[in-house]
Amino acid sequence: MSYWRAILLGLVQGLTEFLPISSSGHLSVFQYFMGNSGDDVLLFNVLLHIGTLAAVFICFRQTIWHLIQEAIAFLRDIIKGEYSFKTIKEDFRSLNDKRKMLIYFVISCVPLLFMLLPAGGGESVMDKLSVFSTDDRILAEGVCFLLTGVILILGALRAKNIRKYRKMDALTAFFVGVAQLFAAAFPGVSRSGSTISAGLLCGVSKKYMVQYSFILGIPAIIAANLSEMKDAIDMGSTLAVGPTIVGVLVAAVSGVAAIVLLRWILKKDIFQYFGYYCIAMGVFCLGATLVSSLNG
């Protein structure tokens with residue numbers, strides 16, 4: 001891994017992780033054309049995600065800190081017997097916004113448990129689906145880019161027609177979790193794009209969904225990366241220290257820039273243009289796959 005490739009891939013990861021255009025899909029496409037497809041890039045991709053996680057903590061540090069404090073206080077109250085599942089259900093409206101958000105996060109993470117189910121041969125569903133990220137083709141990425149484009153356009157159109165925003169509820173949180181499940185399973189489906197669009201389709205405000213989506217991604221990305229890091233270590237993957245550190249730093253800095261840019265874009269009501277871009281990327285990937293097949 002050379003320095004210029006590490007910088008380029010770090011930039012791609014940082015920008016596309018938070019802009020709703022799929023970081024996994026773009027990394028697959030770039031690595032396909034740069035000749036780095038396959039298991040040898042798995043560990044590097046994991047480390048790049050650590051850089052973008054740092055960007056989330058930087059941009060949402062106050063909200064994350066308040067949620068951590070609230071989670072500790074919530075657990076303390078449960079241990080003291082002040083809360084149970086029954087009382088939470090009955091008195092849910094009386095909970096403060098941070099405690100409600102914590103509960104919604106748990107609900108949104110439930111669909112991800114599907115990825116841990118056994119799929120035969122000693123492998124989980126996540127292991128089976130990882131073939132799409134490590135193969136030497138971009139057919140799946142092309143199809144998923146098209147799907148992301150449609151979802152983004154529908155979400156943007158819905159947001160423009162909302163007269164009164166709804167508050168997040170349990171059903172919407174689960175719907176957002178299902179959207180995150182598909183993003184975790186397939187490269188080319190944007191995690192931020194699909195989760196934000198899922199909330200918009202349910203009538204939740206853009207401002208709330210951006211914050212909710214990025215913070216929701218923390219446990220999902222950590223869990224996925226721990227699994228992928230274990231696989232990379234088992235395969236004996238090794239990386240050059242210098243380029244790896246540079247790539248991670250570039251991913252973190254560009255990730256912060258992407259979050260700031262997305263906040264500005266959502267205020268300007270031009271979210272749908274990301275959808276058009278993803279559709280163009282999908283057509284490009286499918287075209288490249290067709291050309292490759294014809295050339296044997």
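Q: What makes the approach of the Ser 192 side chain to the side chain of Ser 190 a polar contact?
A: The two side chains lie 3.5 Å apart. A polar contact is a pair of N or O atoms within 3.5 Å, where, within protein, one must be able to donate a hydrogen and the other to accept it, and residues adjacent in sequence count only if both atoms are side-chain atoms. The pair of Ser 192 and Ser 190 is therefore listed as a polar contact. The model is predicted, so local features need pLDDT of at least 70 and side-chain atom pairs count only at pLDDT 80 or more, while totals for chains, interfaces and linings use all residues. Residues are numbered from 1 along each chain as its sequence is written, and side-chain values use heavy atoms, with hydrogens and water left out.

Q: Why is Ser 192 called buried?
A: Its relative accessible area is 1%. Buried means under 20%, exposed over 50% and partly exposed in between, with a 1.4 Å probe and protein chains only, so Ser 192 is buried.

Q: Which residues does Ser 192 touch, not counting those up to four places away in sequence?
A: Contact means heavy atoms within 4.5 Å. On that basis Ser 192 touches Glu 17, Phe 18, Leu 19, Pro 20, Ser 213 and Phe 214. Phe 18 and Phe 214 also belong to a cluster with Phe 60, linked by ring pairs.

Q: What makes the pair of Tyr 32 and Phe 33 edge-to-face?
A: Rings of Phe, Tyr and Trp (its six-membered ring) pair if their centres lie within 6.5 Å; planes under 30 degrees apart count as stacked, over 60 as edge-to-face and the rest as tilted. The whole structure holds eight aromatic pairs. Tyr 32 and Phe 33 are 5.0 Å centre to centre with 85 degrees between the planes, so the pair is edge-to-face.

Q: Why are Tyr 32 and Phe 33 classed as partly exposed?
A: Tyr 32 has 21% relative accessibility and Phe 33 has 47%, so both fall in the partly exposed class.

Q: What makes the pair of Phe 105 and Tyr 212 tilted?
A: The rings are 4.8 Å centre to centre, with 35 degrees between the planes; that angle is neither stacked nor edge-to-face, so the pair is tilted.

Q: Are Phe 105 and Tyr 212 buried or exposed?
A: Phe 105 has a relative accessible area of 10% and Tyr 212 has 0%, so both count as buried.
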